[in-house]
Amino acid sequence: MLLATTHRMVGSSAFRAVGSARSRRAAFMSSPPTTNKAALARTSTRLTETAASASPSSTDTPAAAGAATAAGYPFSTIEPKWQSYWMKHQTFKTPDRRHSPNKKKYILDMFPYPSGAGLHVGHPEGYTASDVMARYYRMTSHDVLHPIGWDSFGLPAEQFAINTGTHPEITTAANIANFKRQLQMLGFSYDWEKEIATTDVGYVKWTQWIFLQLYKKGLAKQSEVSVNWCPALGTVLANEEVINGLSERGDHPVVRLPLRQWVLKITEYADRLEKGLQGLDWPAGTMVAQEQWIGKSEGTEIVFAVDGMDDQNVTVFTTRADTLFGVTYLTLAPEQGGVPVEHPLVPLITTASQKDDVEAYVTTASSRSDLDRTSNKDKTGVFTGGYAIHPLTHEKIPIWIGDYVLGSYGTGAVMAVPAHDERDFEFAKKFGLDVKWVVDSKEVGQELSKEVAFTELGVNINSGEFDGLTTEEAKKAITSKLSEISAGGSKITYKLRDWVFSRQRYWGEPIPIYFPVDFPNDVDPATVDPKMDGCEHTIRYDKPIPVDEADLPLTLPEMDDFSPGDDPAGCLARAKEWRYFQKDGKWYARETNTMPQWAGSCWYYFRFLDPKNNDAAFSPELDEDWMPVDLYVGGAEHAVLHLLYARFWHQVLYDLGYTKHPEPFQKLVHQGMILGSDGEKMSKSRGNVVNPDDVVDAHGADALRLYEMFMGPLEAVKPWQTSQVAGVVRFQNKLYNVVQSAVQNDSDVAMDDETTKILHKTIKKVTEDIESMSFNTAISAMMVLTNHLTTLKDKVPREAAEKLTLMVSPFAPHLGEECWNLLGHEESLAYHPWVEYDEALCVDNTVTIGVQVNGKKRGEIEIPVDANQEAAMEQARNVQTILNQVDGKEVTKVIYVPGRILNIIVK
């Protein structure tokens with residue numbers, strides 16, 4: 001049964017389960033907020049007087065708490081208080097944009113997989129960054145959509161179910177509840193009304209609906225795909241999980257088997273996916289990773305005829321057609337198209353004397369994964385005994401098979417040019433094959449070494465009529481010649497492969513396809529039941545039938561045993577009551593493969609627009625209102641596959657007219673990984689995991705948020721140091737006390753010129769830094785301002801305190817709300833206009849520069865910014881330490897760099 005999750009706010013009981021401070025927070029959330037300082041009585045009175053108005057009342061708005069002395073910020077009561085307020089009043093509810101004059105900002109996190117371990121301190125970094133931006137944009141008059149949900153299908157939950165006998169629905173629900181508690185504990189401004197989980201029945205329905213659109217468009221097909229099957233584990237393994245023919249887990253034998261798989265034809269969108277990257281604001285490294293994975297290559301297709309077989313050819317693709325005259329052998333993959341049988345040509349061209357060696361080699365290759373074969377430096381191969389004919393020289397070229405050539409990539413055949421390819425050179429040397437040099441260096445008089453391949457561009461030699469041409473010229477000329485004689489021509493290929501979409505697992509979306517069931521000719525279907533053991537029948541996989549859209553969702557069956565077993569069809573094949581059904585007197589069998597975890601994450605950003613829509617995946621009006629995503633924040637580990645798959649689905653929906661936007665994510669930001677204190681990636685096995693619950697328990701959520709944004713540039717990799725949290729704790733304590741000082745002033749304190757300039761410079765710096773997501777320097781600027789205001793003691797201007805409060809609120813929202821409340825404001829600051837600065841007050845009229853005498857610093861002077869050399873010299877003569885060095889000496893030269901330095905040369 002699919003997870004039909006009822007999402008609820010995690011209440012006080014969940015908080016009580018975690019430590020003492022969390023218990024205090026929970027208790028506070030369940031009791032009326034109170035004020036504990038008489039000095040704040042007027043704020044409480046003011047709130048009480050508004051109880052009957054539309055503004056928050058004393059029971060709606062949490063009363064300001066804390067001591068009016070230089071004490072620590074009482075986070076354990078203040079933070080849950082404001083979390084409760086935000087939830088009660090739906091402060092961050094997404095606005096209706098139908099008649100809104102505001103610009104929009106769709107701020108999205110890569111939604112988490114809710115593992116049993118919960119969050120560690122590395123996870124909130126990206127969530128905090130996006131939350132800072134969401135809160136800032138609300139204060140700058142933007143309509144903001146900032147949702148969250150759960151990528152809740154996945155192998156870990158299923159594996160836990162197998163090991164413990166607990167249904168994955170149960171563990172998934174428990175994990176979601178824990179994750180939700182932690183995210184709410186950290187004060188993120190999500191619109192919880194938009195919450196989704198990919199395991200929700202309502203979500204699965206539309207994931208399956210999108211699959212049907214792909215199927216109807218001809219982009220979903222069945223194919224025999226060679227996979228790594230481990231009988232002992234009863235599952236298909238990824239290439240990375242197979243080492244030397246054995247499973248990484250348990251060292252069990254792995255074989256390559258052809259399995260019927262559903263495949264999505266992403267290759268048909270390869271060109272679109274590559275071109276669509278233009279104009280996106282993405283990290284350069286991610287753009288390159290996407291381009292490399294798509295792997296667009298412009299080159300030449302070359303056809304080699306097979307000697308003695310008029311109707312057989314070997315076709316290869318190369319980006320170095322200029323080296324065609326250097327081909328000394330061809331290599332075919334041991335398999336073709338992913339099926340572990342000989343290349344279709346192999347049995348035809350293999351001679352009797354080579355037959356045993358070829359068959360043995362094919363068998364050995366079938367046990368190795370693609371990754372193992374291509375990464376192994378020891379190149380292996382076997383001569384077939386057959387030959388091809390060179391299309392231009394008409395020479396006979398031996399044909400080999402080698403496992404470094406993959407049948408699933410390109411044409412499954414390569415032309416080997418040992419003189420100009422390192423891999424081919426090693427292979428040729430190992431097996432004593434010819435090496436022909438056909439490209440020379442452009443450098444006159446440079447003699448090439450014959451001990452290594454020459455892979456650089458150069459000038460053609462030993463290439464007949466193409467001698468003397470540069471590499472680029474020879475490529476074009478040879479390609480043109482091949483086209484003239486119908487032996488090849490220009491070709492664009494892509495490294496991208498079609499997406500294998502099947503999983504032989506339980507915990508995933510059922511694929512909404514079924515097949516007719518046939519029985520022997522003399523059997524009446526009405527008299528038999530394929531669910532019964534011994535009933536002879538055939539499932540017609542060649543006649544797939546899509547589930548009617550009106551019958552969606554197709555849900556998972558109840559099962560007690562989720563283990564894959566030894567049947568490559570997966571555990572759903574054992575759920576016979578679910579698998580087989582009758583319709584109009586005929587028997588049918590449902591597809592037993594499920595979708596991969598990627599499926600749910602391919603389109604969740606669309607469902608966030610319209611999560612309660614039962615009639616469509618999302619409405620066109622909301623697509624127009626909110627898409628594309630303006631800021632997408634997540635880890636760089638998703639730089640390729642998730643982004644590529646999501647863009648593919650999006651472009652298909654765009655072609656079908658369901659969205660008006662050709663790309664889903666306009667701006668992408670990757671947060672850097674937070675390492676353990678030992679500089680290693682956090683993991684249970686290393687014992688370096690830091691639980692955010694513990695940090696919040698000790699220092700508060702705002703302290704955690706501030707520290708993670710203050711550690712360094714957002715995109716940088718940084719080690720966690722718990723001891724350094726104390727620095728931001730001191731900052732928030734100082735800021736809290738500064739605001740209390742301003743509150744206690746019975747009359748407004750006027751700002752002096754110095755404070756005014758520091759304030760406006762800080763506003764400018766923080767604003768610009770938030771816009772560029774340079775959060776660490778924004779916090780640093782607020783620290784400087786707070787330190788300055790602290791020196792004013794009981795003369796802190798209310799205006800400065802208010803503007804500092806507004807600036808800190810996106811970073812430390814609980815602190816911001818509490819200080820805003822202390823300052824007498826009755827409503828949340830979440831939508832208060834952002835602070836503004838006067839550019840004129842951000843410009844210094846004077847500058848302090850160092851003064852050197854004969855290159856050694858002797859003092860400093862403060863001069864007007866536009867002071868000339870004469871004015872600087874006049875001011876320098878008034879500094880005694882400088883005068884002591886020049887008095888009575890001849891000034892031979894003056895070096896003056898305005899605004900930076902004055903150097904007086906004397907003798």
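Is R98 buried, partly exposed or exposed? R98 is partly exposed, with a relative accessible area of 42%; the classes are buried (under 20% relative accessible area), exposed (over 50%) and partly exposed in between, for a 1.4 Å probe and protein chains only.

1. Basis. The model is predicted: local features need pLDDT of at least 70, side-chain atom pairs count only at pLDDT 80 or more, and totals for chains, interfaces and linings use all residues. Residues are numbered from 1 along each chain as its sequence is written, and side-chain values use heavy atoms, with hydrogens and water left out.

2. Salt bridges overall. Across the whole structure, 36 salt bridges are found, the criterion being a side-chain nitrogen of Lys or Arg within 4 Å of a carboxyl oxygen of Asp or Glu.

3. The D625 and R98 pair. The closest N and O atoms of this salt bridge are 2.3 Å apart. D625 belongs to helix 19 (residues 620–626) and R98 to the loop between helix 4 (75–89) and strand 1 (103–109), so the bridge ties together parts 527 residues apart in sequence. Helices (H or I, at least four residues) and strands (E, at least two) are DSSP runs, numbered from the N terminus. D625 is buried, at 9% relative accessible area.

4. The K531 and D529 pair. Their side chains form a salt bridge at 3.2 Å, N to O. K531 is buried, with 17% relative accessible area, whereas D529 is partly exposed at 23%.

5. The K857 and E860 pair. A salt bridge of 3.0 Å, N to O, links these side chains. E860 is partly exposed, with a relative accessible area of 46%.
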